[in-house]
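Please open the structure in your viewer and keep the sequence beside it. The tour below goes from one selection to the next and says what is there at each stop.

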Amino acid sequence: PTDLWFGFPVQSAATDRTGSGDYPKPGLAGRRYRPLAGRQPEKSVGAALRSPGSATARPRNPMRLTGKVAIITGAASGLGRASAELFAEQGASVVVADRDEAGGLETVTQIRDTGGQAEFIQTDVAVADDAAAMVEKAVTCFGKLDVLFNNAGIAIRKPVADLGEDEWDRCIDTNLKGIFFGTKACIPQTKQQKSGRIVVVSSIT
């Protein structure tokens with residue numbers, strides 16, 4: 001059918017600051033959303049993560065990740081940045097991994113400005129050597145790796161009939177192979193430590 005669409009809207013999920021819901025969201029390739037009736041818009045992704053009383057409210061122990069080391073992929077903006085900031089707020093040392101150097105360094109600066117520890121490494125999760133390098137960065141800078149937070153993803157929203165094979169491959173390489181490469185790269189380190197966690201962010205929309 002001509003109205004069949006394809007896309008992976010998993011990169012970020014910014015919320016509407018105006019309440020209208022009718023504007024493109026970064027990372028969602030211009031997809032337009034409407035707010036639920038009667039729902040008050042959150043100020044930001046970070047605000048949604050920290051909103052008291054919500055399902056994603058801040059844990060009662062504000063420093064429960066003290067001493068932990070986490071890699072956050074796709075952390076240059078959106079949900080990835082908010083997650084990196086929250087991990088740091090909870091006491092973790094964070095490796096910000098993203099293709100976007102400027103955005104990644106900005107995330108690091110924001111974390112450091114609030115007293116956290118963070119390092120940036122330019123990473124294309126679809127490249128196996130880059131995945132290995134981000135694990136090496138974590139171990140070199142912080143001595144270990146406790147959490148791999150697979151957040152990076154891309155979205156291409158267009159009719160299937162107009163979707164190019166190269167665009168399809170880019171989505172699969174980033175959103176599927178990226179998780180495979182990152183997970184495979186961190187397993188030897190976590191096995192050596194006899195500890196570690198792997199988190200995969202996905203979407204049902």
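Begin by selecting F87, which at 15% relative accessibility counts as buried, where buried means under 20% relative accessible area, exposed over 50% and partly exposed in between, computed with a 1.4 Å probe and protein chains only. Before going further, note that this is a predicted model, in which local features need pLDDT of at least 70 and side-chain atom pairs count only at pLDDT 80 or more, while totals for chains, interfaces and linings use all residues. Residues are numbered from 1 along each chain as its sequence is written, and side-chain values use heavy atoms, with hydrogens and water left out.

How many aromatic pairs does the ring rule give? The count comes to two, with rings of Phe, Tyr and Trp (its six-membered ring) taken to pair if their centres lie within 6.5 Å, and with planes under 30 degrees apart called stacked, those over 60 edge-to-face and the rest tilted. F87 and F149 form one of these pairs, an edge-to-face arrangement with 5.5 Å centre to centre and 65° between the planes. Because F87 belongs to helix α2 (residues 78-89) and F149 to strand β5 (residues 147-150), the pair ties together parts that are 62 residues apart in sequence.

Now move to F180 and F181, whose rings form a tilted aromatic pair, 5.5 Å centre to centre and with 45° between the planes. Here F180 is partly exposed, with a relative accessible area of 46%, whereas F181, at 16%, counts as buried.

For the next stop, select C141 and C186. C141 is partly exposed at 34% relative accessible area, while C186 is buried at 1%. The count of disulfides comes to zero, a disulfide being a pair of cysteine sulfur atoms within 2.5 Å.

Finally, colour the whole chain by secondary structure. The chain has five helices and seven strands, which run β-α-β-α-β-α-β-α-β-β-α-β from the N terminus on; helices (H or I, at least four residues) and strands (E, at least two) are DSSP runs, numbered from the N terminus. Of the 205 residues in the chain, 39% are buried. Among contacts (heavy atoms within 4.5 Å) between residues at least 6 apart in sequence, 63% join residues at least 24 apart.
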